[in-house]
Each structure stands twice: as structure tokens, then as C-alpha cells.
Amino acid sequence: MSRHPAYRGPLIDVHGHWGSWFFPMDVGDVAENLRLMDVYGIDLQILSASEAVVFDAEQGNAALARMLERTSRLRGYVVANPNDPVTTRKDLDRYLVRPEWVGVKIHTTYPGEPIASPAMSDTFDLLAEYGAPVLIHTWGPDVLALAELVSARPGLRAIAAHAGADRWDLAAEAAQGCDRLYLEASCSLTQVARIVELASRVDHRQLLFGTDATLIDPAVAFGLYAQARFSPESEELVYRRNAQALFGLQDDELIARAR
């Protein structure tokens with residue numbers, strides 16, 4: 001059962017990580033992902049390999065492929081490196097045909113490519129060929145550039161991870177201008193104003209629940225999202241149905257969870 005103060009329905013976390021980090025933390029084993037999911041009542045988590053995000057996309061994606069074969073409660077993002085389009089295309093071809101892979105993850109800081117960079121534009125041209133939802137790190141005003149990238153590519157759908165972080169006002173503006181842009185609000189910044197403004201300005205069909213676990217304990221996201229005080233209908237959208245529709249997830253994938 002969900003640890004959310006009010007919501008008790010099936011819950012999908014669209015922003016998870018698996019693997020070790022360069023920070024002094026002991027979270028590398030998938031057992032920690034599953035333990036946190038049990039603690040907080042998360043039924044399904046969509047995640048990327050930390051190794052792929054930070055160090056080596058190809059090796060990290062391969063490691064995640066082996067791990068996903070061992071559990072039914074996780075789905076994978078293929079990490080795309082905007083500096084290596086050849087390898088990115090190979091990995092997209094290799095993994096997106098498999099049911100356990102449902103999207104693409106891009107970071108901006110680690111590869112050193114802002115969303116407005118030419119390399120990122122080329123990467124989005126490539127991703128538009130595949131049609132899988134894209135989760136991309138956003139921080140500050142670059143979330144507006146993301147809306148432009150998505151708007152210019154019909155059919156492409158993207159999730160602004162962290163919802164612009166310290167510029168959640170711009171994230172709301174970006175989502176208002178592009179109905180194929182979704183916002184996920186997990187963040188190390190815990191101001192209640194973030195989720196309150198997003199909930200008041202953005203269509204609730206464009207909001208998704210994410211935790212950034214295991215990098216951040218899910219308690220942070222649970223506390224933040226609870227402050228939005230969504231209606232029961234909006235809770236169903238934000239915590240479950242929007243993710244189901246975006247990633248094409250079936251009900252039985254939630255019901256048949258391995259507890």
C-alpha cells in the first residue's frame with residue numbers, strides 16, 4: 001500500500017536509478033530499489049543505470065539489460081549520449097524492441113550538452129524516429145528550450161525531470177505551450193511552492209510522479225507531491241494513469257507485482 005498520506009491506489013515512479021554513484025552512498029544493489037518500493041508502496045519503477053548516466057552509456061545500458069531480466073517490477077530507460085550518436089542509435093535499436101524497455105533518458109550536465117545545444121537538437125531528431133518517451137534532466141531556464149525541441153518534432157513526447165528545479169515557473173510555462181511535454185517534480189529542492197504552482201498552472205494530464213530514487217529517498221517526493229492536495233481524480237492521473245498512457249503500460253503489469 002502506498003505511503004502517501006491520502007492516495008492508496010497503484011503507483012508508478014517514472015524517475016528511478018539503479019546502480020552505484022560517485023557520492024558516498026551505499027545504494028548500488030537492485031535490492032535497495034525493491035526495498036524502497038516496498039517501503040513506500042511503489043508498484044512499478046522506470047529507471048536508468050547510473051553507470052550509463054554518469055560514466056559510460058553503452059556499458060551501463062548493457063548492465064541494466066541484464067538486471068531487468070531478473071525482476072518484473074522495473075522497466076528501463078535507454079540512456080542516450082548526445083556526444084555519441086552512433087552508439088546511441090545502436091542501443092536504441094537493441095533495447096527499445098524489448099518490452100522491459102519503455103523510454104529514453106538523457107542527462108545534460110554529465111555529457112556537458114545543454115538542451116539548447118546543436119548536439120541535443122541532433123539527438124532529438126534521432127529520438128523522434130523511435131517515438132519512445134524521453135526523460136531529460138532540466139534545471140533552470142533550459143526547460144523552455146526543451147519545449148521548443150518537442151514542439152518542433154511531431155509525435156515526440158518528453159518529460160522534464162525535476163520540472164526545471166529552481167525555475168518551476170518556467171516549467172509551467174513550457175508545459176502550457178506544449179501538450180506533449182510532461183513534468184516530473186522530484187528534486188533536492190523541497191520548496192512546497194514548486195508543486196503548488198505546478199498543480200495550479202499545468203494540466204494534470206501532464207504531471208507525473210517521480211522520486212529520483214535511489215539517489216534521493218522517496219520520502220522527499222512523497223512529502224512534496226502530498227502538498228499539491230490533488231483531487232482524487234487528479235491523484236489517479238498523476239500517480240498512475242498518465243504514466244500508464246505515456247509508456248503504454250498495462251494494468252496487469254501493476255497487479256502482478258512480485259511482493
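Student: Is Tyr 77 buried or exposed?
Tutor: The model is a predicted one. In it, Tyr 77 has a relative accessible area of 0%, so this residue is buried, the limit being under 20%.

Student: Which ring does Tyr 77 pair with, and what is the geometry?
Tutor: Tyr 77 pairs with Phe 247. The ring centres are 6.0 Å apart and the planes stand at 70°, so the pair is edge-to-face; the angle for that class has to be over 60 degrees.

Student: Where in the chain do Tyr 77 and Phe 247 lie?
Tutor: Tyr 77 belongs to strand β3 (residues 74-79) and Phe 247 to helix α10 (residues 232-247).

Student: Changing topic, what about Ser 186: where is it?
Tutor: Ser 186 sits in the loop that runs between β7 (181-184) and α8 (192-201). Its relative accessible area is 1%, so Ser 186 is buried.

Student: What does the side chain of Ser 186 make a polar contact with?
Tutor: It makes one with the side chain of Glu 184, at 2.4 Å. Beyond the neighbours within four places in sequence, Ser 186 is in contact with His 15, His 162, Gly 210, Thr 211, Asp 212 and Tyr 225.

Student: Which residues lie nearest the centre of the largest pocket?
Tutor: His 107, His 137, His 162, Asp 212 and Leu 215 do, out of 15 lining residues. Two of those, His 162 and Asp 212, are in contact with Ser 186.

Student: What is the volume of the largest pocket, and what classes of residue line it?
Tutor: The pocket holds about 210 Å³ of space. Its lining has seven nonpolar, six polar and two charged residues.

Student: Last one: where is Ile 216, and what is it in contact with?
Tutor: Ile 216 is in the loop between β8 (207-208) and α9 (218-226), and at 16% relative accessibility it counts as buried. Neighbours within four places aside, Ile 216 is in contact with Cys 187, Ser 188 and Thr 211. Cys 187 is 29 residues away along the chain, with 8.2 Å separating the two C-alpha atoms.

Notes
Residues are numbered from 1 along each chain as its sequence is written. This is a predicted model: local features need pLDDT of at least 70, side-chain atom pairs count only at pLDDT 80 or more; totals for chains, interfaces and linings use all residues. Side-chain values use heavy atoms; hydrogens and water are left out. Rings of Phe, Tyr and Trp (its six-membered ring) pair if their centres lie within 6.5 Å; planes under 30 degrees apart count as stacked, over 60 as edge-to-face and the rest as tilted. Helices (H or I, at least four residues) and strands (E, at least two) are DSSP runs, numbered from the N terminus. Buried means under 20% relative accessible area, exposed over 50%, partly exposed in between (1.4 Å probe, protein chains only). On a 1 Å grid over the protein atoms alone, a cavity is a set of points where a 1.4 Å probe fits but cannot get out, and a pocket is an open set with protein on both sides within 12 Å along at least five of seven lines; lining residues have an atom within 4 Å of a point. Grid points are joined across faces, edges and corners, and a volume is the space filled by probe spheres set on the points. Ala, Val, Leu, Ile, Met, Phe, Trp, Tyr, Cys and Pro count as nonpolar, Asp, Glu, Lys and Arg as charged, and the others, Gly among them, as polar. A polar contact is a pair of N or O atoms within 3.5 Å; within protein, one must be able to donate a hydrogen and the other to accept it, and residues adjacent in sequence count only if both atoms are side-chain atoms. Contact means heavy atoms within 4.5 Å.
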